[in-house]
Amino acid sequence: MMRIGMLAAMLALLAAPAAAQQDMSGVEIRVERLAPGVAVLFGSGGNIGLSYGEDGNVLIDDQYAPLTEKIAAAVATLDPRPVRFVINTHWHGDHTGGNENFGKAGAVILAHDNVRTRMSAEQFLEALNVRVPPSPKEALPVVTFAQGVTLHLNGDIMRVVHVPRAHTDGDALVHWQNADVLHMGDVFFHRVTFPFIDLSSGGSVDGLIAAVNRALEMAGPNTRVIPGHGPVATRADLIAYRDMLVDVRAQVAAGIKARRTLAQIQASRPAARYGMPDGFIKPDQFVEAVYKSLRGSPRPHSHGARTHSH
Ligand SMILES: [Zn+2]
């Protein structure tokens, strides 16, 4: 039953339709102010960034559809104006589940090109063995970008920067330059679990490490860092996370070089020293994702296709 419980929790985190069937009546949205005009909202699903003020409210991610009214009510405690823009950090349902509601209410949704592409068609999350149906038109980003976009609102400059092939192939980081707050989406899981690298959505361990290094370039010594999941973090937390990724990657790479199997590498427990045995991504699952990312996992329908080295 343990495995079924874990799977249900992961489905709830990632697949909006599964979550929509869950009872979210007990979920409360907690607001934490980080700077004038900048807050983070915690509820169920990915952490929400908020820019609020006279130029209109901007949400970074919007959790699940059943929470839209509560999220809007939480925003209204800071500013009565409607949500003008929604920025999605990536396509997963625990970050985009509110898009349809906010889109219908008039918000303009922005995201990387690949977020719209993936949300427009059925997706298969290989690690979870789950299909996610295409999203309705109103949930899709209407403004998409390849490299990034900048918003000039509420006395701040919000730089939205794409980081390739990290958690997925459509991740964006968002930095408030004046408030010095950085929202990282699921490029950063802080304390609650080992990272989920969604290989079937184009994620990779090397891209993830590069994305965290990019974030460290954007961040200063006092930057407040909003992770996709977990509490607000510091630059030092982000450095520790990067070092963990580099360490586990190196151990797995050494195992592959020594021709050890995945099971043998897992048995050497490369991630054990970092704790978090009970997160929704277990140490063995994280090691498996790193292994497959480095080795290149065989794709479905590609039997007989040769892997070419470059
Ligand atoms: Zn995600």
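His 90 and His 167 are both buried, a term that denotes under 20% relative accessible area, with over 50% counted as exposed and values in between as partly exposed (1.4 Å probe, protein chains only). The structure is a predicted model, in which local features need pLDDT of at least 70 and side-chain atom pairs count only at pLDDT 80 or more, while totals for chains, interfaces and linings use all residues. Residues are numbered from 1 along each chain as its sequence is written, and side-chain values use heavy atoms, with hydrogens and water left out.

The zinc ion has as its protein donors His 90 (NE2), His 92 (ND1), His 167 (NE2) and Asp 186 (OD), at 2.2 Å. Donors are N, O and S atoms within 2.8 Å of the metal (3.2 Å for Na, K and Ca); water is not among the atoms, so sites may look incomplete. The sequence spacing of the donor residues is H-x1-H-x74-H-x18-D. Helices (H or I, at least four residues) and strands (E, at least two) are DSSP runs numbered from the N terminus.

Thr 223 is located in the loop between α7 (205-218) and β14 (224-226). Thr 223 is buried, its relative accessible area being 3%. Leaving aside neighbours within four places in sequence, contacts of Thr 223 (heavy atoms within 4.5 Å) include Asp 180, Leu 182 and Arg 235.
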